[in-house]
Structures are given as structure tokens and as C-alpha cells.
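The structure is shown first.

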Amino acid sequence: MATIEQLMQANLLEVFNERDGERRRAAIARTYAPGVRFADPEETVQGHDALDAKAQKILDDAPGFVFVADGPVRVTQDLSYLAWSFGPEGAAPVVRGADIALVADGLITSVHTLLLTD
């Protein structure tokens, strides 16, 4: 079973940073509970298929952009936090944010994304 730290890294790098749909869907299956809820400032989606579509839309809207972790995963019991940046590969990030997730039975059950401003 994956650790919470591993789940948070997978959420960022294997799902939201993965442009290959087949690899992304495999990561979704091993990272999230079937009824996972994902909320960001734009919308809330639920379930594996909706999460896959959300990740695809983010990547489609930002060709050449990559997510990078901005520090370690922080964990308190079943709650975790990971800051990230998003922008063109090798350049200054365009946006910074953080994912806060709840984990149960070894899978992420909900993710809330905050956009961070200076």
C-alpha cells in the first residue's frame, strides 16, 4: 500500500503532470478512491472519469507546462498538503498552488486545490 506521501506525489506528477492518457488513467486507478472528489476554484468533479477529464483539460490548456513540487509533502494523520508550481518547463512558474487531500484505506478520497498568490 502506498504511503500518503507517495499518493500526493502521484496526484501531482503521475496524474496532473501526465500527458499520456493511458498512463494517467492507470495512476488514477491506483491513487484515488472510486468516488474521489476534486475541487479547485473553477469547479468540483467526482469520480475517476471526471478527474481524468479535469487533468486532461488542464494539460490541454497549457501545452509545454509542467507541475513541480514546491517542497515536501506535509501529513497529519489522514490529511496531507503539497505545494506546487506550474509553468513552462525550465522557466519561472506562471501559477503556484497547493493540494490538500484526505486519505482513507490507502487511497485519496478528496483533493482541494488552492491557488496561491503573493
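## Largest pocket

In this predicted model, the lining of the largest pocket divides into 11 nonpolar, 2 polar and 6 charged residues. The lining has 19 residues, and Asp40, Ile58, Phe67, Trp84 and Leu115 are those nearest the centre of the pocket. The space in the largest pocket is about 380 Å³.

At least two lining residues come from each of helix 1 (4-15), helix 3 (48-60), strand 5, strand 6 (95-104) and strand 7 (107-116). Helix 3 gives the most, with 3 residues.

## Aromatic pairs

There are 4 aromatic pairs in the structure. One of them, Phe16 with Phe38, is stacked, at 5.1 Å centre to centre and 25 degrees between the planes. Phe16 sits in the loop between helix 1 and helix 2 (21-31) and Phe38 in strand 1 (residues 32-39), so this pair links distant parts of the chain, 22 residues apart. Phe16 and Phe38 are both buried.

Phe67 and Trp84 make an edge-to-face pair, with 5.2 Å between centres and 80 degrees between the planes. Because Phe67 is in strand 3 (residues 65-69) and Trp84 in strand 5, the pair ties together parts 17 residues apart in sequence. Phe67 is buried at a relative accessible area of 8%, and Trp84 is buried at 5%. Phe65, Phe67, Trp84 and Phe86 form one aromatic cluster.

## Pro88

Pro88 belongs to strand 5 (residues 79-88). Pro88 is partly exposed, with a relative accessible area of 31%. Leaving aside residues up to four places away in sequence, Pro88 touches Gly64, Phe65 and Val94.

Terms used: Residues are numbered from 1 along each chain as its sequence is written. This is a predicted model: local features need pLDDT of at least 70, side-chain atom pairs count only at pLDDT 80 or more; totals for chains, interfaces and linings use all residues. Side-chain values use heavy atoms; hydrogens and water are left out. Helices (H or I, at least four residues) and strands (E, at least two) are DSSP runs, numbered from the N terminus. Buried means under 20% relative accessible area, exposed over 50%, partly exposed in between (1.4 Å probe, protein chains only). Contact means heavy atoms within 4.5 Å. On a 1 Å grid over the protein atoms alone, a cavity is a set of points where a 1.4 Å probe fits but cannot get out, and a pocket is an open set with protein on both sides within 12 Å along at least five of seven lines; lining residues have an atom within 4 Å of a point. Grid points are joined across faces, edges and corners, and a volume is the space filled by probe spheres set on the points. Ala, Val, Leu, Ile, Met, Phe, Trp, Tyr, Cys and Pro count as nonpolar, Asp, Glu, Lys and Arg as charged, and the others, Gly among them, as polar. Rings of Phe, Tyr and Trp (its six-membered ring) pair if their centres lie within 6.5 Å; planes under 30 degrees apart count as stacked, over 60 as edge-to-face and the rest as tilted.
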